[in-house]
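Have the structure open while you read.

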Number of protein chains: 2
Amino acid sequence: MVLKNLSLGEGRYATIDADRLWRRHVEMARFGATARGGVNRLALTQIDIDAHVVLAQWASERGFSVFVDDTGNMFIRRVGSDQEAAPVTSGSHCDTQPTGGRFDGIFGVLAALEALDAIEDAGLVTRRPLEAAVWNNEEGVRFTPSYMGSAIYAGGIALEAMLAATDSSGATMGSAVQALKAALPNASHRPLGTPISAFVEAHIEQGPELEAAGDTIGIVTGMQGTRKFSIDVTGDEAHAGTTPRRHRRDAFVEAIAIVNALHELFHDADDTVRFTIGQFEVFPGALAVVPGRVSFSIDFRHPEQETLERLGNQVEPLCQRIVERCTVSVNEPSSAKPLRFIGVVPEVIERAVGRRGYPYRHIYSGAGHDARHLAGLCPSGMIFVPCEKGISHNEAENASPADLAAGAQIIADVMVDLANGD
Amino acid sequence: MVLKNLSLGEGRYATIDADRLWRRHVEMARFGATARGGVNRLALTQIDIDAHVVLAQWASERGFSVFVDDTGNMFIRRVGSDQEAAPVTSGSHCDTQPTGGRFDGIFGVLAALEALDAIEDAGLVTRRPLEAAVWNNEEGVRFTPSYMGSAIYAGGIALEAMLAATDSSGATMGSAVQALKAALPNASHRPLGTPISAFVEAHIEQGPELEAAGDTIGIVTGMQGTRKFSIDVTGDEAHAGTTPRRHRRDAFVEAIAIVNALHELFHDADDTVRFTIGQFEVFPGALAVVPGRVSFSIDFRHPEQETLERLGNQVEPLCQRIVERCTVSVNEPSSAKPLRFIGVVPEVIERAVGRRGYPYRHIYSGAGHDARHLAGLCPSGMIFVPCEKGISHNEAENASPADLAAGAQIIADVMVDLANGD
């Protein structure tokens, strides 16, 4: 899996256009812009589809072709000299959290597109085609689970079940994909699982390490494992004024008892465990009604599989032990083992960063990314650029134009190397 | 305030039609019927307006006139021999909880209408006009606070602020009242605060006492006091995978700490305190985002003003003491002191129950009712009928046709007595 010839382009690399890259970030941030300076662009909403259409326009203006697959992933392709060769692909996602920022995901898409543009500007010929990918529904907010597009593409989850997934209004992922296709009438169909020779993803760090160290590039060594749980506590609705405590089956009170026990179980002095309850819904949600049902989520991450198993396996028994008058059900809609990036892609990244002379470090990813699923399909790797104060999944998320440009430059260099290798 | 002559009608009372009363309950339960046999009829939704229109049709068929006031209360009037006299009014509300039952509120409306119908059937002439009232938005779910229609009518809260109240879609109470008026083109305008000579309300008990004792009628002696709080905890949104606990300002974690302290504060071994958290919302409510804000409600009730003050006054200091990294704000949108029903109305009720020979008891109300606000305007009282297993604010709520008929009979008798008194 080591490439024999990393400089088939005779040492010629393309220089990216930092102004174009920044202008495109500003333009993309308009799609779903919030009053507090962030972005709310849930997967395949009209706002997200509009953003895809503009990306496809930019591609068409340079003569790149556009493809869409059956799960709503979009690919922008620059031809190579060997039309039969599988492409080198870079990219990330276009969707955001409901109170998300201007860089999470879209940076990786725009860095990949900028790489294609810069290589086109320089008139470089690569053996393999180059592709910029926009993976659908990475955030998993409108439709669950997360990483839906890349996971389906890499064969991690079944297409049919995912197309039937519904959002809170009852619309299906399948109908959303049809809406995307209708908005891109000139895009060609891309069969799922079409081979990719190598994948590299650029992303903001979403943590404080690079900024604190004064480094420009993080070469990602691996990714935490995750376990996600959804927990339903069911009791009985009752009148808040007339029903004494001894006659209540209060789903809220028992859900809180479970939460307290979970907080105790997952507490670690080292602060390595990531334990978050981000969704907690109470039904019917009326002031004067004792809640009959509570539904809440757990997002649990850790670098070690042993800890993921030891703590995660205690969730269901704990819930069953704590409930008294209510009933509880525990589901685990998704999980992923810790991952290491090894082999050709991180090697090529490290050489590219060395040539450019950017200060860098090896870094472990607390967040999950589409590259997790691509790593099961082809040699893969990731780079991070600094993220102001480590703040992400927040409208205040910020990154500097210079750091974004450095990241895009590395993506362009790495794509050239990989596309001219075996 | 004691009536001089309780039997001006020469001892003649009307006999209510139990079948008509039950048929109307069945008919009304169709408006907002849920799959589990309950009713979801939020205030002045189209479903609730449709129910008002049918009530007005039933009134018009008997020649009764219909009035609507500026806050969406509806009145059905049967004339008296003295057209200048203030009416004797009975009634309750038409709206329900989102997972409400078939009897809460609507029984009091139908009992009042049945009283008018039965008195009309019997050809009785009363000195005062008789009115059946449908108080708007008693439940306070779609628009807060509760008891909005009766409270505004009785001068307890200002009209203008309430008309500006919005539901979760942003629609105002004012626009909802206009929709009601548009659906009732033949209804006359009723100025707010038009005098009422006396008010009596029939309601299901919403508790288990009458059923357990085998009594048919409860003569209500008083009503618990209430304090309602809304609490907002504000922290910072952050990425669930990358943000260590020491860097989080997790609004959910601190809201749970407050809830634990509140549960401890409000716990009483006697089980007299009613403490309920029925609304608890987490923002942005995404699996992978550390919550930046939590908003929750407290519904606190007790028969003694001293306890309402002692415990209720600790809510805000407790919240401020518990929060560490987040901020908290505490509001108290509504409160009411404990109330006693005394004077002419409970006296007339007790005599009517004695004449009919129904088994009865004096009973204290755990729930709040529109009669609370009317009691500030005119002599008032209430009766309860049994409620199966005490279950209410629940789709399983149930009451027997015979008990409902007995309650309506008492309302008819009491209205005749009060309307022929001074």
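The points below go from the overall build to the helix packing and then to some backbone details.

1. Start with the caveat: this is a predicted model.

2. On the overall build, chain A has 13 helices and 17 strands. Its radius of gyration is 23 Å, close to the 22 Å that the globule rule gives for 422 residues, so chain A is as compact as a globular protein of that length.

3. How do the two chains relate?

4. Now for a helix pair in chain A. Two packed helices are described by the angle between their axes and the distance between the axes. For helix α1 (residues 18-29) and helix α2 (residues 46-61) of chain A, the angle is about 150° and the axes are 10 Å apart. That makes α1(A) roughly antiparallel to α2(A), because angles over 145 degrees count as such. The crossing of this pair, α1(A) and α2(A), is right-handed.

5. Look at the side chains where these helices meet. From α1(A) come R24(A), E27(A) and M28(A), while α2(A) supplies A51(A), V54(A), L55(A) and W58(A). By class, the contact of α1(A) with α2(A) has five nonpolar residues, no polar ones and two charged ones.

6. A helix pair in chain B is worth a look too. Helix α8 (residues 251-266) and helix α10 (residues 315-322) of chain B pack at about 140°, with 9 Å between their axes. That makes α8(B) oblique to α10(B). Their crossing, α8(B) past α10(B), is right-handed.

7. What does the contact of α8(B) with α10(B) consist of? On the α8(B) side you'll find A257(B), I258(B), A261(B), L262(B), L265(B) and F266(B), and they meet V315(B), L318(B), C319(B) and I322(B) in α10(B). The tally for this contact is 10 nonpolar, no polar and no charged residues.

8. Finally, the backbone. Most residues other than glycine have a negative phi, and most peptide bonds are trans. The bond from T144(A) to P145(A) is cis, with omega near 0°, and P145(A) lies in the loop between β4 (130-135) and α4 (148-153) of chain A. In chain B, the peptide bond from T144(B) to P145(B) is cis as well, with omega near 0°, and P145(B) is in the loop between β4 (130-135) and α4 (148-153) of that chain.

9. Although not a glycine, H393(A) has a positive phi of about 50°. You'll find H393(A) in the loop between β17 (380-385) and α13 (401-420) of chain A.

Terms used: Residues numbered from 1 in each chain as written. Chains lettered and ligands numbered in written order. Predicted model: local features only at pLDDT ≥ 70, side-chain atom pairs only at ≥ 80, totals over all residues. Heavy atoms only, no water. Axes fitted to C-alpha atoms, helices over the stretch in contact; angles between N-to-C directions. Helix = DSSP H or I, 4+ residues; strand = E, 2+ residues; numbered from the N terminus. Parallel < 35°, antiparallel > 145°, perpendicular 65-115°, else oblique. Left-handed = near helix turned anticlockwise from the far one by under 90°. Contact = heavy atoms within 4.5 Å. Nonpolar A, V, L, I, M, F, W, Y, C, P; charged D, E, K, R; others polar. Rg over C-alpha atoms; globule rule 2.2 N^0.38 Å.
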